[in-house]
Amino acid sequence: MNTSILQRLRRLLASIIARAPGKVNRILRVGAPADDGYHPLVTVFEAVSLYEYVHIEEMPGTVDYIVTVCYLNQAEDPEATHIAAAIPDVDHLAMRALQALRPPATPAVRITVHKSIPTAGGMAGGSADAAATLVAVNALWCLGLSSDELQQIGRSLGADVPACIAGGVTVGVGRGDVLESIDDNVDHHWVLAFSYQGLSTPAVFAQFDRLNLARDLPRKHDIDLHYLTNDLAAAALSLRPELEEIGNVALEAGAQQWIVSGSGPTIAALVGDEATASRVRAAWALLPNVRGTCSVRGPVTGAELCEKLPSW
Ligand code: C5P
């Protein structure tokens, strides 16, 4: 096809951008695994202002492609920014989200995932990709699905997908995928420490089982929203003992509390103000195991359409 025909065709093809936030689990209580291997949870998600952006463009041809662009800690670690080859990757959660919604006879697409949330970092980066894709595809092809319907579809893609769609503060039970919003709009200031190597969520749950850490779960009405706790922390710390020092350094620099985010290895510390955030980040920057740091707010709104991509 000659270039000008291709350009005209491109103009007729639609494109759309959506973003979805990552999360920290302020409370993550974990029970003994059920027969399907999944662990029952009572958890409080807080969506935070670190986003995955997904740009979906209709394309000539018949094959869907995905391109991943990583911006993780660009300032501290330029090596972390890379563009992966454009490959038809059917296992990517964004691709699976596309397939879950795609009506018959729709054009092929290119999905570009602009990643800021660390992969395998315990912040639901992959789930945010799926959440943003569901919201984008719903709008691109005018499917008219409600947020609740998208959350239902999202549950089959990953336990954290509904929380990334809903945003705000939510209580999750079941696998963490059955959600209830709660009215808790207290603004939090978090600082995050990223690790060089991710932790596999199944590996952390398996370690949790090996260490016999399961406890009776509280009823969701009995949880105290004012303190941070994570039952997976001991399992994550036993796999990565160096994470403890990252948390302790945050306290020495003035943070109020710290937690392992989800299954780790990201460490999230709660701070009272901008000055403390800067002190914690400066102290972390000296630690050999910290790949990069970032300062975020929560809670923020869930997956939504955007007019354009930010400039990174
Ligand atoms: O649902 P998702 O694919 O995000 O879960 C990843 C893995 O984490 C599961 O395969 C399972 O090993 C573990 N998991 C679990 N209990 C949960 C959620 C996740 O054991 N409630």
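1. Start with the ligand. In this predicted model, the residues around the ligand are Gly37, Tyr38, His39, Leu41, Gly158, Ala159, Asp160, Arg175, Gly176, Thr201, Pro202 and Phe205. By class, this shell has five nonpolar, five polar and two charged residues. Helix α6, residues 201-210, gives the most to the shell, with three residues. Both domains take part: domain 1 (3-183) and domain 2 (188-298) each supply at least three residues to the shell around the ligand.

2. Next, the chain as a whole. The chain has nine helices and 12 strands. Its C-alpha trace spans about 60 × 45 × 35 Å along the principal axes. The radius of gyration is 20 Å, which agrees with the value near 20 Å for a compact globule of 312 residues. Of those 312 residues, 44% count as buried. Contacts also reach along the sequence. Take the contacts between residues at least 6 apart in sequence: 75% of them join residues at least 24 apart.

3. Now the domains. The domain assignment gives domain 1 as 3-183 and domain 2 as 188-298. Their C-alpha centres lie 23 Å apart. At the interface, 32 residues of domain 1 are in contact with 35 residues of domain 2. On the domain 1 side, the elements that give two or more residues are β1 (15-30), β2 and β5 (169-173). By class, that side of domain 1 has 19 nonpolar, eight polar and five charged residues.

4. Look inside for the core. The largest nonpolar core has 80 residues. Ala94, Ala131, Ala132 and Ala269 have the most contacts inside it. Strand β2, residues 41-59, contributes the largest share of this core, 11 residues. The core also draws on both domains, with at least three residues from each of domain 1 (3-183) and domain 2 (188-298).

5. Which residues does Ala269 touch, not counting residues up to four places away in sequence? They are Trp190, Val191, Ala250, Ala255, Trp258 and Val280. One of them, Val191, returns in the next point.

6. Check Arg281. Arg281 sits in helix α9, residues 274-285. Is Arg281 buried or exposed? Arg281 has 22 other C-beta atoms within 10 Å, so it is buried; the cut-off for burial is 20 or more. Leaving aside neighbours within four places in sequence, Arg281 is in contact with Val191, Thr293 and Ser295. Ala253 is 28 residues from Arg281 in sequence, and the two are 8.8 Å apart in space, C-alpha to C-alpha.

7. Two cis peptide bonds should be noted. One joins Gly264 and Pro265, with omega of about 5°. Pro265 is in the loop between β9 (257-260) and β10 (267-271). Another joins Gly298 and Pro299, with omega of about -5°. Pro299 lies in the loop between β11 (290-298) and β12 (304-306).

8. Ala120 is a backbone point to check. Its phi is positive, about 50°, although Ala120 is not a glycine. The residue belongs to the loop between β4 (108-115) and α3 (125-140). How exposed is Ala120, and what is the count behind the answer? Ala120 is partly exposed, because 19 other C-beta atoms lie within 10 Å, and a buried residue needs 20 or more.

9. Cys142 is the next backbone point. Cys142 has a positive phi of about 45° and is not a glycine. Its place is in the loop between α3 and α4 (147-155). Cys142 is exposed, because it has 7 other C-beta atoms within 10 Å; the exposed class takes 12 or fewer.

10. The shell around the ligand takes at least three residues from each of domain 1 (3-183) and domain 2 (188-298). Between the domains, 32 residues of domain 1 meet 35 of domain 2 in contacts. A reader new to the model can begin with helix α6, which gives the most residues to the ligand shell, then follow strand β2, which gives the largest share of the core.

Conventions: Residues are numbered from 1 along each chain as its sequence is written. This is a predicted model: local features need pLDDT of at least 70, side-chain atom pairs count only at pLDDT 80 or more; totals for chains, interfaces and linings use all residues. A residue is near a molecule or strand if its C-beta atom, placed from the backbone, lies within 6 Å of it. Helices (H or I, at least four residues) and strands (E, at least two) are DSSP runs, numbered from the N terminus. Ala, Val, Leu, Ile, Met, Phe, Trp, Tyr, Cys and Pro count as nonpolar, Asp, Glu, Lys and Arg as charged, and the others, Gly among them, as polar. Domain bounds come from an automatic or database domain assignment. A nonpolar core is a set of buried Ala, Val, Leu, Ile, Met, Phe, Trp, Tyr and Cys residues joined through C-beta atoms within 7 Å. Two residues are in contact if their C-beta atoms, placed from the backbone, lie within 7 Å. The radius of gyration is taken over C-alpha atoms; the globule rule is 2.2 Å times the number of residues to the power 0.38.
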